[in-house]
Amino acid sequence: MIRTVNLYKRFGELTVFSDLNIHIQKGECVAVIGPSGTGKSVLFRTLALLERPDGGQVFINGKEITGRDVNINKVREKFGMVYQGFHLFSHLNVLDNITLAPLKVKKVDRKEARERAMELLSMVGLSEKFSSFPHQLSGGQQQRVAIARSLAMDPDIILFDEPTSALDPSMTGEVLAIIRKLARSGLTMMISTHEMGFAQDVASRVIYMDEKGIYEEGPAEQIFNNPQREKTRMFIRKLKVFSYSIISRGFDMVSMNVQIEMFCQKYNIELKKINHIQLVLEELILEVLAGLYTDVQPQIEFTVEFSEERGEILITFNCKGREFNPFVNKDDADHLGIILISGISKKISHNYSNGLNTININI
Amino acid sequence: MNLYVLKTGDLSLVEFVNSVANSFDKNIIDNNGWLVILKGLEITLFISITALLAGTIIGALLCSMRISKVGALKISAKIVIAFLRGSPVLLLLMVFYYVVFANSRFDAVFIAIIAFALNSGAHIAEIMRSALSAVDVRQLEAARMLGFSKIRAFMAITLPQATRIAKPVYQSATINLVQWTSVVGYVSITDLTRTVNNIGARTGDPFFALFFGILIYLAISYMVNFIFSLQGRKKITL
């Protein structure tokens, strides 16, 4: 249905994406997710040629539309787009908004166009609003009319560009319900969205955009439950990460603790947990310094990850050197710190490979 | 032939009404003054309407040049608009009459129409430009996505919306134009203003004649407002 080959787009010096290859099959519903500013909207606009790509090709139904002698108007008749800001025609009422394109572009006769429009309006649950003007409708209602407007052209594919981002939470539901209905009916669609729950249950496939292109893509199940790559994982789990490295025995532990505290306070982590994080790290560092780096400078790096979604904290502690697991002799009275850590943590694991000890601690 | 005597009421009121009636007779009825005024009104309306139509066309042209992507067109439109808007229309008229068309055999009315068309054209160009820029471009884009060509999307979406935005300003520009045509007497055209002035000078009662002229201009303004209110009355405003 839609295929791109090495699509490339830049604004001046800034590359939005490059070497972007997507392939969307008929009947698929693909969610495009990713942090703001990674080019989701630009991608959609480029697919519809509202922005000219700076390289690469776009194929619709096997036909290249980036070529020279393509009547883009003809292509767009089969190409629906629903925008974040609705963009209904403000001088026309709801019914005229929907019938305008069928009448003027497709040359459908008036009666037929009106009947179809009323059908679509009842589908989106706004039959009574047919004579209202856009400014008299709520945001959610406007977006539903906008969906009906693009459906009136019987498109082969609809691109939803953040359809609920401009709506307040009480109205997103009504719009998402319509989109779900369309997805079930087998319409081919691409949706860029920040509603992760919605993306997860409506999309058959998910594309995660980051670092100027597609960073990871796969079945919704995999992307949401078992993301393979680092940034995807951070994005899906809404992870906040603090990292720190120690390369000298005389490192400033007070400053480290202050930084951890500031990081934690930023994300509203409760005081008890902050103390636990600091305690665990302090004890672990002392333990490693005493056990592993007795006569050499330490090479320690650790990260504290906080998942806003799950409220979990994960400490990943890396130290270079020979294999060293501080948790093997945990009942030893000389290693009170280890006993402390074991008491606080939910789960501890150790792993050694390529001269690197990795210790994961869940709190 | 004094038909307007009041029999009752305050004496001074009676005197006042009598004197007004007298002046009316002297200025408007005697010597067929009203026919002369009608003739002047015709000239004023002719210049105004023709200049407005020509000015609208010129305005549309200047506006399309002004917003075009071709640098030369854009800059030349900018200069022309600035010049025309910045120079007093009376001076423009005199330059055309005494200098540019001095040796031609063009009628003074024709020259006046050119001057007023150019002046109001420049104003209208800016009115159009500001109205066009006030329209949401994303709606145009939405129309393009539905398969409209650039021109047809403009005609179906941008133009009707811009027209609605421009209407009140265009309306006052029209009234402005009508009133500014009162200076054409300077180039020997006998328009409404010149006529009432002449009558006032002849009868020695300039106050009444001139005031009567003002009333006619006022009536034209109301007429213009009425005509504009006819169009688009049934539609709901934006």
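Helices and strands here are DSSP runs, numbered from the N terminus. The model is predicted.

In chain B, helix H7 spans 150-180 and helix H8 spans 192-203. Ser188(B) sits in the loop between these two helices. The phi angle of Ser188(B) is near 65 degrees, a positive value in a residue other than glycine. Most residues other than glycine have a negative phi. Ser188(B) has 10 C-beta neighbours inside 10 Å and therefore counts as exposed, the cut-off being 12 or fewer.

A positive phi also occurs in chain A. Phi of Phe86(A), likewise not a glycine, is near 65 degrees. Phe86(A) belongs to the loop between E7 and H3 of chain A. Its surroundings hold 25 C-beta neighbours inside 10 Å, so Phe86(A) counts as buried; the threshold is 20 or more.

The contact between the chains draws 19 residues from chain A and 19 residues from chain B. On the side of chain A that touches chain B, at least two residues each come from helix H2 (72-77), strand E7 (79-82) and helix H3 (94-104). By class, this side of chain A comprises 11 nonpolar, 5 polar and 3 charged residues.

At the domain level, chain A is divided in two: domain 1 covers 2-229 and domain 2 covers 239-362. Between the C-alpha centres of these domains of chain A, the separation is 46 Å.

Notes
Residues are numbered from 1 along each chain as its sequence is written. Chains are lettered from A and ligands numbered from 1 in the order in which they are written. This is a predicted model: local features need pLDDT of at least 70, side-chain atom pairs count only at pLDDT 80 or more; totals for chains, interfaces and linings use all residues. Two residues are in contact if their C-beta atoms, placed from the backbone, lie within 7 Å. Helices (H or I, at least four residues) and strands (E, at least two) are DSSP runs, numbered from the N terminus. Ala, Val, Leu, Ile, Met, Phe, Trp, Tyr, Cys and Pro count as nonpolar, Asp, Glu, Lys and Arg as charged, and the others, Gly among them, as polar. Domain bounds come from an automatic or database domain assignment.
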